[in-house]
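Reader: Hello! Could you take me through one part of this model closely, and show me how the rest is arranged around it?

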Amino acid sequence: MRKNQIKTRKENAMPIQDLIGKEIPPFEFPIERGKIKEFADAIGDDNPIYRHPEYARKTPLGGIIAPPTFTRTQVFWRPGPSNFEIAGLDRRFVLHGAEEYEYFQPIFAGDILTCTTKITEAYEKEGKRGGKMIFVVFESTFHNQRGEKVLISKSTTIQTGGVVKN
Amino acid sequence: MEKKGLYFEDVREGDEAPPVVVANVSRTQIVKYAGASGDFNPIHHDELYAIRAGNDRVFAMGMMTAGFLSHMVTDWVGDGNLRKYKVRFATRVWPGDTVTCKGKITRKYKKDGKNCIEADVFAEKQNLEKAVIGTIIAELPGKTASGAH
């Protein structure tokens with residue numbers, strides 16, 4: 001399995017900066033109506049535009065759309081190793097540092113997006129409470145089935161020197 | 001119940017968003033988000049795993065709180081109007097926490113003929129610690145541009 005080829009940072013003497021430019025092969029990410037509803041339920045958002053086709057059709061957008069952070073779920077849909085594994089991070093000590101989205105076009109239920117990801121930043125920093133912290137930024141670009149760029153997202157993953165207490 | 005959002009003419013710098021409150025975050029809610037998102041990192045649902053990794057108990061995914069915050073934002077600025085959403089995760093949300101999502105317009109401007117606002121947004125816990133802190137840019141419809149006048 002590909003999973004076993006991924007080395008953890010300890011086994012891997014490669015400097016963290018060498019991760020920059022590493023690409024994750026493009027893959028298809030279908031935007032499913034049922035998953036949109038489930039996601040909206042999970043964030044407690046009762047907006048009918050995430051659920052009711054009749055309602056959505058009458059809005060200026062004209063259809064059921066995905067909530068702003070829905071596309072983050074691509075990392076769990078994607079085949080192959082996880083972001084943690086790709087960067088060789090220990091998931092017990094990984095925190096989600098930041099997340100950034102730039103929206104170009106609405107994303108509709110039924111769209112088939114293509115997602116391309118690369119690592120754009122990777123660096124180490126001394127943590128405030130001692131221990132090295134590793135920062136890795138994954139940038140993903142999403143295009144829809146018509147080839148239109150719909151979204152760019154940037155996700156910052158941090159590996160702490162140990163468990164963070166707050 | 002039509003969700004109207006804001007008109008550019010009606011907003012001013014300093015205006016605040018109607019807050020969205022998520023009371024008493026539960027483990028069930030965390031599991032629901034795990035299922036909806038596919039995030040099955042056991043640190044968020046397996047108490048023993050979370051404790052063995054040095055935590056007191058399980059804690060919510062940052063993206064779940066970012067989702068609560070985005071709900072406040074889209075109810076405020078209107079569906080399809082968000083252009084940028086940027087957040088950082090400052091402290092964690094634990095089962096039992098109550099999260100209040102707030103926003104305030106920091107800048108109103110026109111750019112390339114578009115009606116834009118920028119706002120500071122954050123998700124705050126009952127002890128006033130901010131769990132998620134961010135900024136947004138939204139493009140608002142204008143009353144005149146819509147042909148209403």
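Reader: I would like a close look at helix α3 of chain B, residues 62-77. How many of the residues of α3(B) are buried, and what does α3(B) give to the side of chain B that touches chain A?

Author: Happy to! This is a predicted model, in which local features need pLDDT of at least 70, side-chain atom pairs count only at pLDDT 80 or more, and totals for chains, interfaces and linings use all residues. Residues are numbered from 1 along each chain as its sequence is written, while chains are lettered from A and ligands numbered from 1 in the order in which they are written.

Let me begin with the chain that holds your helix. Chain B has three helices and five strands (DSSP runs, numbered from the N terminus: H or I of at least four residues for helices, E of at least two for strands). From the N terminus on, the order of these elements is β-α-α-α-β-β-β-β. The C-alpha trace of chain B spans about 60 × 25 × 25 Å along its principal axes. Of the 149 residues in chain B, 36% are buried; buried means that 20 or more other C-beta atoms lie within 10 Å of the residue's own, exposed means 12 or fewer, and partly exposed is in between, with C-beta atoms placed from the backbone.

Now to α3(B) itself. Its 16 residues should span 22 Å at 1.5 Å a residue, and the end C-alpha atoms are 22 Å apart, which agrees; the expected span is 1.5 Å times one less than the number of residues. Because 15 of the 16 residues are buried, α3(B) is largely enclosed by the rest of the structure. After the helix comes Gly78(B), with a positive phi near 100°.

What surrounds the helix? In the largest nonpolar core, of 60 residues, those that touch the most other members are Ile36(A), Met64(B), Phe68(B), Leu69(B), Val73(B) and Val99(B). The largest share of this core comes from α3(B), with nine residues. A nonpolar core here is a set of buried Ala, Val, Leu, Ile, Met, Phe, Trp, Tyr and Cys residues joined through C-beta atoms within 7 Å. A second, separate core has seven residues, including Leu19(A) and Ala122(A). As for Met64(B), leaving aside neighbours within four places in sequence, Met64(B) is in contact with Ile43(A), Ile30(B) and Tyr33(B) (contact: C-beta atoms, placed from the backbone, within 7 Å).

That brings us to the side facing the other chain. The contact takes 33 residues from chain B and 33 residues from chain A. On the side of chain B, the elements that give two or more residues are α1 (27-37), α3 and β2 (82-89). Among these, α3(B) gives the most, with nine residues. The residues on this side of chain B divide into twelve nonpolar, twelve polar and nine charged; Ala, Val, Leu, Ile, Met, Phe, Trp, Tyr, Cys and Pro count as nonpolar, Asp, Glu, Lys and Arg as charged, and the others, Gly among them, as polar.

Ten strands form an open antiparallel sheet in the order β1(A)-β3(A)-β4(A)-β5(A)-β2(A)-β2(B)-β5(B)-β4(B)-β3(B)-β1(B), where strands pair if DSSP finds at least two bridges between them. The edge strands, β1 of chain A and β1 (20-22) of chain B, each pair on one side only. Between the chains, five bridges join β2 (residues 94-103) of chain A to β2(B) in the antiparallel sense, and Glu102(A) stands opposite Lys84(B) there.

Ten bridges join β4(A) to β5(A), among whose partners are Phe138(A) and Ser155(A). These two strands form a hairpin with five residues between them, and Gly147(A) in the turn has a positive phi of about 85°. Further along, β3 (residues 112-126) and β4 (residues 132-143) of chain A pair over twelve bridges, and Tyr123(A) stands opposite Phe135(A). Last, β1 (residues 23-30) of chain A pairs with β3(A) over six bridges, where Pro30(A) has Ile112(A) as its bridge partner.

Notes:
Two residues are in contact if their C-beta atoms, placed from the backbone, lie within 7 Å.
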